[in-house]
Amino acid sequence: MKLAFATFLVVSLFLSSFLLETANAGSSLCDSKCGDRCAKAGVKDRCLKYCGICCEECKCVPSGTYGNKQECPCYRDKKNSKGKPKCP
């Protein structure tokens, strides 16, 4: 019984560390792509915030600092409460 519990504990720790690394990898990808996307933004912190939200939800960010939204339909189609584009 103790051996089974110890094995379960070790496997659980291994899986949780693996899942955390995977989650962080996605975040760093979004951080990198949004850094490129928002490089020329006038209000950079707001651009990075909304780009990060859109990237996490859509799993993509259009190339360049402006336009090219056809590359990522999810990113392109997100709207704020006023009906304007949510993603920079």
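Is Cys 55 buried or exposed? Select Cys 55: at 3% relative accessibility it counts as buried, where buried means under 20% relative accessible area, exposed over 50% and partly exposed in between (1.4 Å probe, protein chains only).

The model is predicted, so local features need pLDDT of at least 70 and side-chain atom pairs count only at pLDDT 80 or more, while totals for chains, interfaces and linings use all residues. Residues are numbered from 1 along each chain as its sequence is written, and side-chain values use heavy atoms, with hydrogens and water left out.

**Disulfides**

A disulfide (a pair of cysteine sulfur atoms within 2.5 Å) joins Cys 30 to Cys 55, with S to S 2.0 Å. The link is left-handed, with -80 degrees about the S-S bond. Cys 30 sits in helix H1 and Cys 55 in helix H2, 25 residues apart, and the pair links distant parts of the chain. Helices (H or I, at least four residues) and strands (E, at least two) are DSSP runs, numbered from the N terminus. Cys 30 is buried, at 5% relative accessibility.

Move to Cys 54 and Cys 87, which are joined by a disulfide with S to S 1.9 Å. This pair ties together parts that are 33 residues apart in sequence, because Cys 54 lies in helix H2 and Cys 87 in the segment after H3. The link of Cys 54 and Cys 87 is left-handed, at -90 degrees about the S-S bond. Cys 54 is buried at 0% relative accessibility, and Cys 87 is buried at 3%.

Then select Cys 60 and Cys 72, a disulfide whose sulfur atoms are 1.7 Å apart. The link of Cys 60 and Cys 72 is right-handed, with 55 degrees about the S-S bond. Cys 60 and Cys 72 are both in the loop between H2 and H3, 12 residues apart. Cys 60 is partly exposed at 23% relative accessibility, whereas Cys 72 is buried at 1%.

The disulfide count comes to six. With bonded cysteines counted along the chain, the pattern is 1-7, 2-5, 3-4, 6-12, 8-11, 9-10.

Which elements give two or more residues to the largest nonpolar core? Select its 12 residues: Cys 30, Cys 34, Cys 38, Cys 47, Cys 51, Cys 54, Cys 55, Cys 58, Val 61, Cys 72, Tyr 75 and Cys 87. Such a core is a set of buried Ala, Val, Leu, Ile, Met, Phe, Trp, Tyr and Cys residues joined through side-chain atoms within 4.5 Å. The elements in question are helix H1 (2-37) and helix H2 (44-58), and H2 supplies the largest share, five residues.

Centre the view on Cys 51. Not counting residues up to four places away in sequence, Cys 51 touches Cys 34, Arg 37, Cys 38, Val 61, Tyr 75 and Pro 88, a contact being heavy atoms within 4.5 Å.

**Loop between H2 and H3**

Most residues other than glycine have a negative phi. Lys 59 is in the loop between H2 and helix H3 (73-77) and is exposed, at 65% relative accessibility. Asn 68, also not a glycine, has a positive phi of about 60 degrees. Asn 68 lies in the loop between H2 and H3 and is partly exposed, at 30% relative accessibility.
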